[in-house]
Amino acid sequence: MLNFIKKIACIYALIGLSAAVAVAQQPSAEGTLVKGKVLDSKSREALIGVSVAEVDADGRIVKGTATDVEGNFILKVTNTKNKLTASYIGYRTNSQPIAGKTTVNFMMVSGTTDLSEVNIVGGRMTGNGLLPIKERNSTLSISKINAKELEEMQAASIDQALQGRLSGVDITASSGDPGAAMNIRIRGVSSISSTGNPMIVVDGMPFETEIPGDFNFGAADEQGYAQLLNISPADINTISVLKDAAATAAWGSRAANGVLLITTKRGNVGKPSITYTFKGSQSYLPDAIPLLNGDQYSTLIPEAYMNRTGLPLSTTATREFNYDPNDPYWYYNYSNNTNWIDAISRTGYLQDHNISMSGGGEKARYFASTGFFDQKGTTIGTGLKRLNTRINLDYYISEKIRIFTSIAYTHTDQQRSYLSSKDGAIRGMAYIKMPNMSVFEFDEYGNLTPNYFSPVSNVQGTYSRIYNPVAMATQAKYDIGGDRVVPRFQLNYDIVKDILKTTLDVQFDINNTKNSSFLPQIATGRPNTETVVNRAYEGDIDIFNINTKFDLVFTPQFKKAPDHHLITFLSIMGADAKSVGQELMTSNTASSLITDPSAPSRTQNEELAVVSGVSQTRSVGAVVTAQYDWKEKYIVNATLRGDGNSRFGPNYRYGLFPSFSAKWRASSETFLSGIKNLDDLAFRASYGQAGEAPRYDYTFYNRYSTYAWSYLGESGVYPANMELKNLRWQTIHGSNVGVNMSMFNGRFRMDADIYRNRTKDLYFDNLQIGSYNGYTGTNMNVGTLDNQGWEIAVWTTPIKRKDWSIGFDFNISRNENIIREISEFYPSSKGDVTAQGEYMRLLQIDNPFGSFYGYRYKGVYTDKDATRAKGASGKPIEGPNGQQIYMRFNYPTIDYTFQPGDAIYEDINHDGNINYMDVVYLGNSNPKLSGGFGPSFNWKDKLRVSTFFNFRLKYDIINGTKMNTSNMFYFDNQSTAVLRRWRKEGDVTDIPRAVIAGGYNWLGSDRYVENASFLRFRTITARWTFDKKFIARLKMKTLSAYMTAENLYTFTKYTGQDPEVTATGSDPFRIAYDYSMTPPAKTFTIGLVAGF
Amino acid sequence: MRNLSYRSVLLTSLIVLAFGCKKKAWDEYYGRPDDLEPPIYQVLEKKGNFKSLLAAIDKAGYKRTLSGAGYWTFFAPTDSAFDVYFKASNISGITALDSVACRKIVTYCLVYNAFKKERMGDYQANTGWVPNTAFRRRTAYYNGVYDGVNTQGQTVKMIASNRNNNGTTFYVDADNNNKYIPYFVDNFLAGKALTAADYNYFYPNTALTSFNVVDAVVTEKDVPAENGVVHVVNKVITALPGLDEYIGTNPNYSEFKKLFDKYLLTYAINATATNNYRIVSGNAADVYTKIYSNALGFSPNNENFLKLTDNDGQQNSYSMFVPNNASFTAYLNSVLLENYTSIDELPIGVVYDFVNAHMWLNAVWPSKFATTFNVLGEEARFDPGVDVVDRKILSNGMFYGTSKVQEANVFSSVYGKAYLDPQFSMMTGLLNQELKFQISNIRQKYTVLLINNATLNAAGFFADPSVDNNPAYQWRYVPPGGGSVLTSSSALVRLLRVLNLHVIPGVDVKDLSGSGVALTYGGEFVRYENNKVWAAGNLDSLRPVDKLVTKTAKNGTTHSLSGVLNFSETFIGKHIEKIGSPTTSAYNYFWQYLRNSSIFTAATGDILNIAAGTPYTIFIPDNAAIQKAVTEGMLPAGAGGVPNFNPASLADKELVNSFIYYHILNKKSVATDGQESGSFETLFRDGAGDPTSIFVDNSLANAMVLTDMNNRKANIILAQSNYLSNRCVIHLIDNYLKYTE
């Protein structure tokens, strides 16, 4: 904290200093009276209330007054060398030098358009967020997108809309529910322990998106905290992605996974302009995987059960399949054809209103917005409401001093399912829930009651294995309320105009999140002695972040050698993050209506507890950058960043990370100047290092914990973790080679990059070590990991006519993840091929991740004869005495003899025994290529039709949903594919017989491996911009309306719900399992943008 | 640029192509297969000749179920089967049947789980399929609540027990007591070694094929359907009655049924069934469970079999042989009530035993009467061709109506003579403790000496029910001559030793007028002569008892006695003293040697190495034989070759001891009953410490020849032998027995 105070003090001191300098610059002079009149230039009428001001050479207002009813003014000016300005709403600001005059008259010109919009920079600016550099001079690998391109999509947060738009940026949703967080991966995951999410930078200051790792909020997972929600997409101006290490290096340790730079809209000089935007959308879930209805299910289960040994279901113990009309309670409750998916689904809708006002004069500019967002998810019980406001206020005190301030307040209220997707969310339950069961309970008379049918247990089991998903969706709650206030102050001071500038930044970030959840008895059905009944939870986390930044930019001007350009830059950043969390979980409140854990209730088990925690993290960083170019042809950039982080012990607390990049603009060379159509061709190369700090605080202390129990009132103490004094920075060494090209007057532009990000001193949390150490695991720096690949982005306008044009943008990329070195403690393989549904994965040094191995599925044994073991010659194998030998599984350990109707696995070595020796390579779940493209059509700037497709090609995924909906191994519902299961000798089919808890019919085999290449018609938008004359008649500035359809169609051969599956997590054994039960909703949006 | 346009055209066409791919792949994978059969109801509809059955299904409320749900085996009678059925039962058609009747037809032919014919013969044990053992399957039909008459004659709502009463459980809530349907497949019959004769015994009018269901023939088997398998049958099968229903409604067995009503049934309010019944019927009546006594082998109204495993009813059923009224009454009066005036007076155990004798926990196939055993462990004692007048396979068992009763061993054996006579009730009670099952075995001979209650009381034995809940510990013994009263187990032990003296296993002593000795159950001998009987104790007290009445049973004879046979409490040495002391006694020389030997304790009569409670036999050579032994140096001689009864030298003393020990059989009593011969161990141990033996030839009654180690013979002098001592018999022999050292 002391550090922080020092920083603040320092900042104020600097402000004071600059103010003093400003005062000192004012020349002292006697007051001179200047008078004048302000008239309209056309009507010659006097203008009343025009503000007239004396402005000094730096553009700073010294004194001001307003005109009277006759348009006259008198002002006592302090310096006759200054200027007088007159400004009035609806008129262009007029300025005249006093130059010793005592009468200055103004003729005001009315103007509906903005006055001299100051465009200081001569080209599009870009940069790493710290140092603005002309885009064409940037040596870095950066993708940029204008938020305008995304505004037609319905999205609560910007990441949703960004999917597939940027090359090298892979964004996947963690769930389809409103407000769910997205996984953002920039050029793959460079770590095997962290979340891999990139750093977010808003208007040049870091924006925290992670909840500290130590907090464990009830049933929620980290995905539940979608902090990007706190930035309203409507406020966003541009988004850039820093991809290569040279670009991210400047941002230090948190930028190791890439940086997403977001700039918000700011005010421009001009009359106030009010913009109202509206978006309304409806989402429809497409048809789910067809599941068995209750009748078909009631045939399957007794059959599957009897197939195990021959013992049938007991009609006494299991009355769910008796279908006895004389037993009304059981008959009515268990003879339904319930579509649980439909029962928990609804049409989602969304409304999003935004009003913003922006404008300003030469001195002050503002952008203010208020938005209201309300979304109801397609799953009952999910929704998101958000109210956000933002004011960006810029004040130009003088030409030398500017203040930029902003304050943003966001209030979110998210309702999600009680269980997260990780715990088998409600939709997953709806898939497996027995469909002959009723949603609501029928009483003994056979009358439908309004009570949810949640029996204590039935053939499928008990909570938490099974529950009534409708009751869970409607009655259980999980609310996340968030309030986040981000005030931010920036001061710019040009010490020497155009040569030496400083910027001071302070950003406060007050982020409160409150979770409350409640699990009612009517959802679990359990007796009220158990703690899963009326379980109430409240958790609160308050995070207070302070970020400070001090920049110094030195741009020496070489007047004698104008071809040389140099920019040098120094930045010092500090961050302090403090969080306080409190949680309380109790159970068995008196009724399902009492949802507050502070009401009388029980704290029985370990999980029912009162917990609180405090943590604090600090980091400091300093960056020095120099960029030099000669004629904008040869450009080099060098950056050195020093980092310090409180998560390390003293030995490795500080790190130094250099980076270097260069660009050669070949198109400026004379030998290429002959190519007429080539606008620009530049080659880039970069190398950089970026350090990453661990996720947890205080690991360099040997901390002690107490046991949860006590003896004689004393509880024991034990060392909780090893003291990690030598935990080091995980460092990413990124190399990047790229090219930028622009042709045909910008009608064809291309960026291409090849990169390799090598992560050294890779972290791994809780690596298993010998327990003789006293601990079972520890966090370590374990190895080296590579992410390598390439990406190409192309923007074209192939056809351009007078009235219409067609555009076509395209991006494609490939990424590979390879382990180069790993600790000997790290396991080398995963997956037991003798267990059902498991695939073997090997960690092979120098091979890409994501390969998996298993059996080869060859169909179903039609009859007893088919199960005979056959040798390599195809002839049946016989025993020594001529006895028939049948195929076995994993002899001699398991020694299961295959039965007619069982799955056939290819006997690779023809030994009549299916075991690990028959395991073969089945596929790899990393896409060879992924990307997107979007043709667009524009007619007279009135009608614009834009489309966007995204695709991933050549990758194999394991269709876990197919596995779970066709294994017939549990009492769970299955897909209609099992209707063609093997049922009697001679059946020729691809689905084996149903066997509950028996057989080996769903071993990891290529039966579930599918090529998931797809091309998705992501969006199509038609936008109509109304004619200017028409708008003028409505006294409006702009008016446009649009319609968007999203996820209209996915082209794939994949038989699962949605082929867009990535391997989740950062484990090197990760492979893509598709357990997604629901394809992305088809969403139709209408929108309106109106400006006044 | 043109390239790009071409590309977009190409792309569009690719998209169209891909669209087709996806849809096709999806439909192929998830679509309903073309070869999947429709559900049972639609299969029958499609076949066309099941119109009556379909109408019945509609009426029974099963249309919805059979049109899709569940997993069933359905025995479907054709329209022509229905026509025959209507004609036979004089019904105009399906419209004349109400929903209850339709349910009886539809649900009784509806078996849980689908079985093709090849699986019908297999039993679904907890461990898995057991091939060729099943002939019954549980159906969807059950009776539920019905009107029945209780013990008081009132008509009330009743529900059957669905478990055999074990004293605590007789009803399980979730179990509807579903009926089973019997069927006959070839592999089952072959596995059980049954033939068409067994089938046609019950169903003479139906030919046995490879697949019959009750009396119907399966004309088309294994018709597949989405939710099960249909087997077409050529007769309408309606729900069969259970044993309880059949006996209850057939007047031929009303007398037998009265036993149930009066002694073996109770009725208890069943809360769950009452609740369910009220809900379904809207009627406020209580429902009573009809509970059969737990003394019975099973409850005839339980449609489940033993329920040791869930499906044990598939492979077996109960059987009952029920005598018709005439045969039952005749047996009742002649046997059971021989010594009683009415059933009420009979011990209740008699009723239990009589009824249990007619109950089998097995299916009794007609060809297997002799090898199938009832609850009492006895085969069916009927001639299937003659004694059985009514035969049915019912829903929970096989029923045989008979023209004679099953003669239970407990009634026809010697046990029955005590069991069915109130004056021997104490004796019966004692026999029940251990001996009941042995002496009621009609394949073993027994002679039982009966003592009536009064005699036992006179001998000092009586029962005092006030002292202990356990009948075994209620016995008291008050010595008639005074002395300490024995209670609890001491009294019981004494009484059982006495009782054992009255049971002679293996021998049917028809007549006590002659003379003889007999080994009783406890290993002690009794002697009889001229209708007087005595044991060692009676000899001590000089009080032999008189035989009163002799009765003949299937496995022997009973003789009632005027007094109690008693055992001796005197030591063997004292008995030898008693018979050897007189100098005139032929035992005298032996006694003299014994008296002076180092193994004898004069004060108590103890002989070293002879323990109490162990049987012995003592062969005493007469004086002449002793003299001979002395002469031959086997015993110490005095001056002049006369016996030296009290030698001084240790060697001589040892000679005496060895001689005596070689004349005593260790742990063995033998007498001249002509029963047991063999080489028996003596108390004498040779130099190596090994036991020695004597060969006893007891092949002829009233004569016994002994052969010693030197192959010398000795004969019993009968008149002075068979002297009963304390678990010991003393015989006089005409030659001494020579051991070889």
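Where in chain A is A:Pro892 found? Look in the loop between β44 (888-889) and β45 (896-897). Keep in mind throughout that this is a predicted model.

A:Phe744 isn't a glycine, yet its phi is positive, at about 50 degrees. You'll find A:Phe744 in the loop that joins β34 (730-743) to β35 (748-760) of chain A. With 35% relative accessibility, A:Phe744 is partly exposed.

Over in chain B, B:Asn722 has a positive phi too, near 55 degrees, and again the residue is something other than glycine. Its loop runs between β34 (713-715) and β35 (723-725) of chain B. B:Asn722 is buried, its relative accessible area being 4%.

## Salt bridges in chain A

Side chains of opposite charge can pair when their charged atoms come close. Over all chains, the structure holds 71 salt bridges. One of them joins A:Asp505 to A:Lys549, with 3.9 Å between the closest N and O atoms. That pair ties together distant parts of the chain: A:Asp505 belongs to strand β25 (residues 500-519) and A:Lys549 to strand β26 (residues 535-554), 44 residues apart. Both ends are tucked away: A:Asp505 is buried at 0% relative accessibility, and A:Lys549 is buried at 6%. The pair also belongs to a salt-bridge network that takes in A:Arg488, A:Asp505, A:Lys549 and A:Asp551.

Which residue does A:Arg526 meet in a salt bridge? The partner is A:Glu530, at 2.8 Å from N to O. A:Arg526 counts as buried, with 12% relative accessibility, while A:Glu530 is partly exposed at 25%. A:Asp374 and A:Lys376 make a salt bridge as well, their closest N and O atoms lying 3.9 Å apart. Here A:Asp374 is buried, at 8% relative accessibility, and A:Lys376 is partly exposed, at 22%.

## Two buried serines

A:Ser369 lies in strand β19 (residues 364-376) of chain A. The residue is buried, with a relative accessible area of 3%. Go 74 residues along the sequence and you have the spacing between A:Ser369 and A:Asp443, whose C-alpha atoms are 55 Å apart in space.

B:Ser413 is in a loop of chain B, between α15 (409-412) and α16 (414-419). At 0% relative accessibility, B:Ser413 is buried. What does the side chain of B:Ser413 reach? The answer is the backbone oxygen of B:Asn409, at 2.7 Å.

## Cysteines without disulfides

How many disulfides does the structure hold over all chains? There are zero. Take B:Cys102 as an example: the closest cysteine sulfur is in B:Cys109, and that is 12 Å away, so the two are too far apart for a bond. For comparison, a disulfide here needs the two sulfur atoms within 2.5 Å. B:Cys102 is buried, with 0% relative accessible area. B:Cys728 is buried as well, at 3% relative accessibility.

One of its members, A:Ile274, is in strand β17 (residues 270-284) of chain A. A:Ile274 is partly exposed, with a relative accessible area of 32%.

## Domains of chain B

Chain B is split into domain 1 (32-140 + 185-238), domain 2 (433-561) and domain 3 (572-733). Taken over C-alpha atoms, the centres of domain 1 and domain 3 of chain B are 82 Å apart.

Methods
Residues numbered from 1 in each chain as written. Chains lettered and ligands numbered in written order. Predicted model: local features only at pLDDT ≥ 70, side-chain atom pairs only at ≥ 80, totals over all residues. Heavy atoms only, no water. Buried < 20%, exposed > 50% of the residue type's maximum accessible area, 1.4 Å probe, protein only. Helix = DSSP H or I, 4+ residues; strand = E, 2+ residues; numbered from the N terminus. Domains from an automatic or database assignment. Salt bridge = Lys/Arg side-chain N within 4 Å of Asp/Glu carboxyl O. Polar contact = N/O pair within 3.5 Å; in protein donor to acceptor, adjacent residues only side chain to side chain.
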